[in-house]
Amino acid sequence: ASAAALPCFVALCLGVGVMAGKYTREMNEAKPSDSDGQTVEFRIAKLNQVWEKAKRMQLSPVRLAELHSDLKIQEKDEMQWKKLKAEGFDENGEKEAQLRRNFNVILAKYGMDGKRDTRPLESNSLKDHDTKEGDAFDDPRLDKLWNKAKSSGKFSNEELLSLKREFQHHKDKIHEYNILMDTISRTEEIHKNVISPLEGDAKEHVLHQKHTELKQKMKDLNQGFERLRKLSHEGFTEDSEFREPRVIELWEAAKRANLSKDELDSLKEELHHFETKVEKHTHYQEQLELSHQKLQHVEALGDKEHIKRNQEKYNTLSEKTRDMGYKMKKHLQDLSNKISRQGLQHNEL
């Protein structure tokens, strides 16, 4: 590891110890119960059904933890919406439609929407696109750019790793866009065939809202690709402010959002905190994966005491990874909203 990375790692290890105490406190808070008094994971029945199904699906530990944090975000958003609805907000059903769409996107993302998931393979790539050695991103434009950057001699090994993370992030975003596109087109077909309680203007408004979200995602993809193209040609600059693709993306959006210098400075500081959270989460994911491999190894040997110890360690790591994932995604949500809200305010002035 480079000398610069070392203090970061030490801080991370110290942070894990501090978190453990705080974490145990949080975990001791009571979990919700269903109508039969059974302890359940979520306060909303359909989320529990998804979670129970997912546990039977042989998802990898990291993917299962990711699903858990996505469901926690969905739970938070739905509980907030119920409160707003009770207070008379969301009369046109716009927020409700978005929540339903988010739920459908979660199902599709984890292969639980009853479709065979061919989407990642088809993401923007041509059907007859031959997979050549070195293709890594299932997308001809990305693959071409990556292979060019890799052979350009402009990047050190460490920079190539950073660049690869950025490409991977873009590939994930293409996948998310395709899932949203798919979900919208399917739910709109349903709208056509069923007499919807929403009529006229309200219905049109909800459909327009969906397309706004799609349009925004497409705009983000184009900006992301432009950034990758620029990076691949010009290399990293010395003053690169952040390392994590998600954080870099938020920072780029903030710089475009017409904010004052003070607002930008304050946001920059918050983004540094967020980046630490993202790195901690990645660290936990790696530890969880290792812990799972070790548990499988120990199970194969059959020593009961050893298995019990490793199982406990694995369960604790699994809970921590979910918890970190939720906090990280919630912070990401808050930051995205903050940037788009501040940007809008400035544009209206």
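**Notes on an all-helix model**

1. Let's start with one residue. Leaving aside residues up to four places away in sequence, Lys-173 touches Asp-220, Leu-221 and Glu-249. You will find Lys-173 in helix H7. Is Lys-173 buried or exposed? Its relative accessibility is 13%, and buried means under 20%, so Lys-173 counts as buried. Please keep in mind that this is a predicted model.

2. Now step back to the whole chain. How many helices and strands does the protein chain have? The secondary structure comes to eleven helices and zero strands, which gives the pattern α-α-α-α-α-α-α-α-α-α-α when you read along the sequence. Of the 349 residues in the protein chain, 38% are buried. Among contacts with a separation of 6 or more, 72% are between residues 24 or more positions apart.

3. Next, look for the largest nonpolar core, which has 18 residues. Leu-142, Trp-146, Leu-163 and Phe-167 are the residues with the most contacts inside this core. Helix H6 (140–150), helix H7 (157–193) and helix H8 (200–234) each supply at least two of the core residues. Which helix gives the most to this core? That is H7, with seven residues.

4. Not counting residues up to four places away in sequence, Phe-167 touches Phe-137, Leu-142, Leu-145, Trp-146, Leu-228 and Ser-232. Another core, of 16 residues, lies apart from the largest one; among its residues are Val-247, Leu-250, Trp-251 and Ala-257.

5. The aromatic rings deserve a point of their own. A search of the whole structure finds six aromatic pairs. Phe-155 has a relative accessible area of 10%, so it is buried. Phe-236, at 22%, is partly exposed.

6. Phe-242 and Trp-251 form an aromatic pair that is also edge-to-face, 5.9 Å centre to centre and with 70° between the planes. Both Phe-242 and Trp-251 are buried. Elsewhere, one aromatic cluster is made up of Phe-137, Trp-146 and Phe-167.

7. What sits over the ring of Phe-103? The charged end of Lys-46 does, 4.4 Å from the ring centre. The charged end of Arg-141 sits over the ring of Phe-225, 3.8 Å from its centre.

8. Now for how helices pack. Two packed helices are described by the angle between their axes and the distance between the axes. H2 and H3 pack at about 175°, with their axes 11 Å apart. Why are they called roughly antiparallel? Angles over 145 degrees count that way, so H2 and H3 are roughly antiparallel to each other. On the H2 side, the contact includes Leu-47, Val-50 and Trp-51; on the H3 side, it includes Leu-64, His-68 and Leu-71.

9. H3 also packs against helix H4 (residues 94–109), at an angle of about 170° and with the axes 11 Å apart. H3 is therefore roughly antiparallel to H4. Among the H3 residues in this meeting are Arg-63, Leu-67 and Trp-81, and among those of H4 are Leu-99, Phe-103 and Ile-106.

10. Compare this with helix H3 (residues 61–86) and helix H10 (residues 261–301), which pack at about 135°, with their axes 9 Å apart. That angle makes H3 oblique to H10. Pro-61, Val-62, Ala-65 and Glu-66 of H3 make the contact with His-281, Gln-285, Leu-288, Glu-289 and His-292 of H10.

11. Finally, visit a loop. Thr-39 lies between helix H1 (5–27) and helix H2 (45–55). Why does Thr-39 count as exposed? Exposed means over 50% relative accessible area, and Thr-39 has 57%. Apart from residues up to four places away in sequence, Thr-39 touches Lys-31, Pro-32 and Ser-33.

Technical notes
Residues numbered from 1 in each chain as written. Predicted model: local features only at pLDDT ≥ 70, side-chain atom pairs only at ≥ 80, totals over all residues. Heavy atoms only, no water. Core = buried A, V, L, I, M, F, W, Y, C linked by side-chain atoms within 4.5 Å. Buried < 20%, exposed > 50% of the residue type's maximum accessible area, 1.4 Å probe, protein only. Helix = DSSP H or I, 4+ residues; strand = E, 2+ residues; numbered from the N terminus. Contact = heavy atoms within 4.5 Å. Phe/Tyr/Trp six-rings, centres within 6.5 Å; stacked < 30°, edge-to-face > 60°. Lys NZ or Arg CZ within 6 Å of the ring centre and 35° of its normal. Axes fitted to C-alpha atoms, helices over the stretch in contact; angles between N-to-C directions. Parallel < 35°, antiparallel > 145°, perpendicular 65-115°, else oblique.
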